[in-house]
Amino acid sequence: MAFILSLLFSLFHPFYVSVIDVNHNAKDKNVEISVRIFVDDFETTLKQNFKRNIDLHKSANDVQVNKLINNYVESKLQIVIDGRPQAMHYLGFEVQKESVWIFLEINNINHLKKINFNCNLLYDFQDKQMNIFNVKANGVEKNYKLDHPKSSLEFVF
Amino acid sequence: MKRILILMMCLVSTTLFAQNIMNNPTSNHGNKFEALGPILPTPNEQRTASGAPGNKYWQQSCDYDIKCELDEKNLKIIGSETVTYTNNSPDALSYLWLQLDENQHSTIDNANYQTSSTLNNNMNIASIERMVEAKSDNGYGVKISLLTDVNGKNLSYTINKTMMRIDLPTALKPGQKFTFKCNWSYKIPDRIAEFSRGGYEFFPEDGNYLFTIAQWFPRLCVYSDFKGWQNNQFTGSAEFALTFGNYNVSITVPADHVVMSTGECTNYANVLSAAQLARWNKAIVAKEPVEVVTLAEATAAEKNKSAAKKTWNFTAKNVRDFAFGSSRKFVWDAMPVFIEGKRVMCMSGYPKEAYNLYKKYSTKIVAHTIKTYSKFTIPYPYPVAQSIEAANGMEYPMICFNYGRTEKDGTYSESTKNGMIGVITHEVGHNFFPMIINSDEREWTWMDEGLNTFVEYLTEEMFDNKFPSRRGPAYSIVDYMKLPKEQLEPIMTNGENLIQMGPNAYSKPATGLNILRETVVGRELFDFAFKEYCKRWAFKHPTPSDFFRTMNDATGENLDWFWRGWFYSIDVCDIAIDTVKHAVFSDSIITNDRGGRRNFGPRNNSIAKPQINSFEDISKIRNRNDKSIKFLTDVDTSLRDFYWKYDRGIIAYDSTVKMTMESPINMFEKLSDEEKAKYANTHLYEVTFSNKGGLVMPIIIEFTYEDGTTETENIPAQIWRKNENKVTKVFISNKKATSIKLDPMRETADVDEKNNAWPRLNDEPSKFSIFKARQVSRGQSTGMNPMQAFK
């Protein structure tokens, strides 16, 4: 059923991208993460996963919705820094034009040499989903794109 | 045949060279601004160097007479067609190639272009089922039951997966027509499960189907001057190359179905109820959409499920394909729009699941799209334009299948609404690219998708100034463009070989065109050239070189640097400000003679030596030894002067003779007091820019001044032509700047904005002085010469 639902909004040769920006803030000793997804794609994915209709334009303060988003991102994105798995602290989300920005944080990171991602964001929605990573640490920015079904990625700084 | 050979050779050399050839690869210039010439195919009588169809341009045509039945009970299409193919080429053809797209759904006859698959901890059930199904014949695909000539004599044919070759009994000569008959059938697939353009969608709640019938009849491939037969397999991915022609189609469906189709219906009186026919006649002259088939009628039909049949007749002229939707669930509304005085019926068909959205928006978006595209391209030439809600996103001539359903309670989220507006605009827009401006989609996905996405963006921006377009603005492509090179490919890459079509074939070309329009060439020149391209190639088959050449030709700008960088390479725009030097006007003159060059005489006081070559080259020696040569100065001795003797040592050079020199400073005129006052507040900024990303782009520089005002200059990209990596420019103003910024409106898709700013302008500026060089005519002597010394 989930598979059928995922095709309901198919557009031939569509443009399914999300962008994950990760920035190591050495001064504040944390890692700032923002996940940017097209609003309608994300609404469809949430509906599929949690069986309820969500209008993200109206839900910025909805506690339930924020919880669902948090659950979804946690289940689809895992981060390991210098060999240690990390818990992400959910900060909230914001809708800007056609995208929803989800903000998360990892605290107490003094330095970052190697970061590993396991990312399945929106692969349950669309098997043409592409996740672009922009990771900044130690004054250097590295970029990479994950195409379904590839889900693991490593950056060394 | 010879012509084909020559063209084929040109084509082979084109594919070998279809890359960003560098003219001067070891140097820092002479590459990016070179003409595309060697990369593009040689112009010929079919396609000119200016990008227009040539005087010997030809294309084939093909007419279809089709009768078919949609058997809803057995989910089958049964059809018979009479096809007449006209050979307008100069070549004799011994066979014809046809497309059997439905074979892509067969487990044994599909194109079989496989891709890698992997084992995951969680396997999707659909992929498991597919692997099991692939081991046997699933019964899908086209079943040919008859293929004969016009007299009923069997024709020999061969099926190669999704392509069929009909061997002609005698070669079809230039100018001749060939008619054949074909009967076929196929099982209609579940398009939702198969992720297919055509097929059925089943609604379990009311037990009804919505049929999208597309790519449903054996249809001719294109035979062209630039490729011969376009018979690349249909893999379900790269789309279509199709031949123009006229269609007469009879469609038999359950009596309570509404059929929305390419073309115009010729028998509404037979298939509509009296009430519906009356509403149709009202719709033809209405100013707002009129429901021809109402929601009440559709929901009643859903329960009824008639066992009777009706036949709908349609005719379409000068189209490249034919598709239709059929369902008893359809609500149908319509209203006219006038394009240059001609009526175009804009219509929508949608089930109740999309009612609240489609009723309000669909037909009006169709109308807005037709009108807006007509302004940017050519006036829409067809009599109808339709949008059908079918949980889809695909285009055919005069009809497209889109998405946009509401919740059960009829409400919808803003993003669903915006998504629907985007898809309807995009799909209706496809009428222009590629249905009319008929490029080969299988070769170059970007030529229709990129151009259509670009005009879609322009159209969405006209719908609502706040509309959140996904693709178009330059900065939105940056995340894609800064990916590592191994994850990118040039736009000019075959569609089957792209890892991700979306950014490469849709967004990047659309964004590129927007940059050309807003930043490089300007709206007026761009719009004119773009329209010229559309006018030239409407109802013809253009190729990328025709587009690039036409745009250069009609804008009056040589844009080869842009096509090279944006379409043929994966370079990115990353221009950085490296250094800034600031100087202010100073009254005191600075005495290093930086202005002093040839005009101001020798560095020391000696007189000038005779001007003869220090080395006698071989030409001079041979001339002297050639007794047949008479030097003019020997023949006409009046041409001999002081220097003739000086050069031969007849008057000897004496290095001890000294001359008095005028001080260089006296060569300069001092500024008047008025002039000094005028330049008192002059600031000069020398800015060095480096090209870190590879793409040469205009340099857009914005100065912010102490008083808060700003000034922006757009320097055309040609500044990079003599050094593609680094340029320096001096800017002048009468105000002190506090900061400088590159590309403040983010127009160039610059991937690194951190090196675009120069906020550090509080450093102590250096000083400069202004001089006026004394006016000296070209070639005029300036004193202090040997003739004076030897007087």
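The model is predicted: local features need pLDDT of at least 70, side-chain atom pairs count only at pLDDT 80 or more, and totals for chains, interfaces and linings use all residues. Residues are numbered from 1 along each chain as its sequence is written, with chains lettered from A and ligands numbered from 1 in the order in which they are written.

**Exercise 1.** Describe how helix 13 of chain B packs on helix 14 of chain B.

*Solution.* Start with the elements: helices are DSSP runs (H or I, at least four residues) and strands are too (E, at least two), numbered from the N terminus. Helix 13 covers residues 523-537 of chain B and helix 14 covers residues 544-555 of chain B. Next, take the axes, which are lines fitted to C-alpha atoms over the stretch in contact, with angles from 0 to 180 degrees between N-to-C directions. These axes come within 8 Å and cross at roughly 135°. Now classify: angles under 35 degrees count as roughly parallel, over 145 as roughly antiparallel, 65 to 115 as roughly perpendicular and the rest as oblique. Helix 13 of chain B and helix 14 of chain B are therefore oblique to each other.

Finally, list the contacts (C-beta atoms, placed from the backbone, within 7 Å). Helix 13 of chain B contributes residues including Phe526(B), Tyr533(B) and Trp537(B), while Phe547(B) and Met551(B) are among those from helix 14 of chain B.

**Exercise 2.** Which residues of helix 5 of chain B are buried, and where do they lie on the helix?

*Solution.* First apply the cut-offs: a residue is buried if 20 or more other C-beta atoms lie within 10 Å of its own, exposed if 12 or fewer, and partly exposed in between, with C-beta atoms placed from the backbone. In helix 5 (residues 274-284), Arg279(B), Trp280(B) and Ala283(B) are buried. Down the axis of helix 5 of chain B, the buried residues fall within an arc of 105° (taken from the directions from the helix axis to the C-beta atoms), so they line one face of the helix. The face turned away from that buried side carries the exposed Ala274(B), Ala278(B) and Ile284(B). Lastly, the cover over the buried residues includes helix 4 (268-271), strand 16 (290-293) and strand 19 (331-339) of chain B.

**Exercise 3.** How many residues does each chain bring to the contact between chain B and chain A?

*Solution.* Chain B gives 37 residues and chain A gives 31 residues. Within the side of chain B that touches chain A, helix 8 of chain B provides the largest share, six residues.

Terms used
Two residues are in contact if their C-beta atoms, placed from the backbone, lie within 7 Å.
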